[in-house]
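Work through the exercises below with the sequence and the 3D structure at hand. Each task is followed by a solution in steps.

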Amino acid sequence: HPINGVMVVDYDAAQIESDTLKATLLLSGSGLVVLLGAIGGIGWMLSRTVLAPVAALTRATETLSATGAGSLVPIDGRDEMARLGRAFGDMARRISGGVKALEAREHYLQRLIDAIPDGVRVLRSDYTVVQANAAFCAQQGLALADVVGKPCYVSSHGRTEPCPPTLISCPLHEIGKGAARLTCRQRHLRRDGAELPVEISAAPLEVETPEGTQRLVIEVVRDLSREMRISQEQRLSEIGLLAAGVAHEIHNPLTSVRLAFASLDREMATGQGANVADY
């Protein structure tokens, strides 16, 4: 194996290193741009398909919680989020309809008890008034907001603590001890400080609530001062009718006597006294 020849190759390594560095930086920059573009695209896709629908659901949930009014959630597409938005919209409409029905029923109940001429209020076992009608508020000279949600002894007796059951016949106390019904008379204190004689007819009332059976007491408060005024007016009217009847019955014979005296005077003046003895 003889050596046929020798070849010596000389090259500039700095240029190759520079070209290699430029190519490496170019490839790295391109990769970074592609990576950032991919991240941006993924973020845009996540925002469009996940974050925006979740934000719309959150706003609709807050509106439903605050006002009870449901609305559609505008989520386009056929994926899981779109189906969730449609299902939420259907649920919100049903909840909104139920809330409106409850409000209408509550309004109807309030109008119904307001039509009762006597005062009505419903008490809880802790003395809180849970319902009252317009007649009771008018009796006490108070607004409905000053009665409902407040202790019963505040609106009816102007007290800061429950009435002592040994001094006042308290329907809540008596029914709480087992009485089926109770009728008693009290003197309520109006807002202007005037006393109001009333007759109270009370009975227990059981209602079903989400917390279970709740035992309430319903009171019908009759204003006795109004009945006293009506009774006095009736008595005066009857006395007037009696006086008119007595006057009529007395007036008839007096008229006859007057006519007889006139005839007697006429006959005596003319000298004809045929009926004088009878007159």
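Asp-118 has a relative accessibility of 9%, so Asp-118 counts as buried; buried means under 20% relative accessible area, exposed over 50%, and partly exposed in between, with a 1.4 Å probe and protein chains only. The model is predicted: local features need pLDDT of at least 70, side-chain atom pairs count only at pLDDT 80 or more, and totals for chains, interfaces and linings use all residues. Residues are numbered from 1 along each chain as its sequence is written, and side-chain values use heavy atoms, with hydrogens and water left out.

**Exercise 1. The salt bridge of Asp-118**

Task: Find the residue with which Asp-118 forms a salt bridge, and state where both residues lie.

Solution. 
Step 1. Apply the cut-off: a salt bridge is a side-chain nitrogen of Lys or Arg within 4 Å of a carboxyl oxygen of Asp or Glu.
Step 2. The partner is Arg-222, with the closest N and O atoms 3.2 Å apart.
Step 3. Asp-118 sits in the loop between helix 2 (80–114) and strand 1, while Arg-222 belongs to strand 5 (residues 212–223); the pair links distant parts of the chain, 104 residues apart. Helices (H or I, at least four residues) and strands (E, at least two) are DSSP runs, numbered from the N terminus.
Step 4. Arg-222 has a relative accessible area of 33% and is therefore partly exposed.

**Exercise 2. Two further salt bridges**

Task: State how many salt bridges a search of the whole structure finds, then describe the one between Asp-146 and Arg-191 and the one between Asp-192 and Arg-190.

Solution. 
Step 1. The search of the whole structure gives ten salt bridges. Side chains of opposite charge can pair when their charged atoms come close.
Step 2. Asp-146 and Arg-191 meet through their side chains at 3.6 Å, N to O. Asp-146 is in the loop between helix 3 (134–140) and helix 4, and Arg-191 is in the loop between strand 3 (182–189) and strand 4 (195–209), so this pair ties together parts that are 45 residues apart in sequence.
Step 3. With a relative accessible area of 31%, Asp-146 is partly exposed, whereas Arg-191, at 60%, is exposed.
Step 4. In the pair of Asp-192 and Arg-190, the closest N and O atoms are 3.4 Å apart. Asp-192 is exposed at 55%, and Arg-190 is partly exposed at 24%.

**Exercise 3. The overall layout**

Task: Count the helices and strands and give their order along the sequence.

Solution. 
Step 1. The protein has six helices and five strands.
Step 2. Along the sequence they follow the pattern α-α-β-β-α-α-α-β-β-β-α.
Step 3. Of the 279 residues in the protein, 23% are buried.

**Exercise 4. The largest cavity**

Task: Give the volume of the largest cavity and describe its lining.

Solution. 
Step 1. One cavity of 30 Å³ or more is present. The largest cavity has a volume of about 130 Å³, a volume being the space filled by probe spheres set on the points.
Step 2. The lining has 15 residues, and the closest to the centre are Cys-152, His-157, Cys-163, Cys-170 and Pro-171.
Step 3. Strand 1 (119–123), helix 4 (152–157) and helix 5 (171–176) each give two or more residues to the lining. Helix 4 has the largest share, with four residues.
Step 4. By class, ten lining residues are nonpolar, three polar and two charged. Ala, Val, Leu, Ile, Met, Phe, Trp, Tyr, Cys and Pro count as nonpolar, Asp, Glu, Lys and Arg as charged, and the others, Gly among them, as polar.

**Exercise 5. The backbone at Tyr-127**

Task: What is the phi of Tyr-127, and where does Tyr-127 lie?

Solution. 
Step 1. Most residues other than glycine have a negative phi.
Step 2. Tyr-127 is not a glycine, yet its phi is positive, about 75°.
Step 3. Tyr-127 lies in the loop between strand 1 and strand 2 (129–132) and, at 26% relative accessibility, counts as partly exposed.

How values were computed
1 Å grid on protein atoms, 1.4 Å probe; cavity = no way out; pocket = protein on both sides within 12 Å on 5 of 7 lines; lining within 4 Å.
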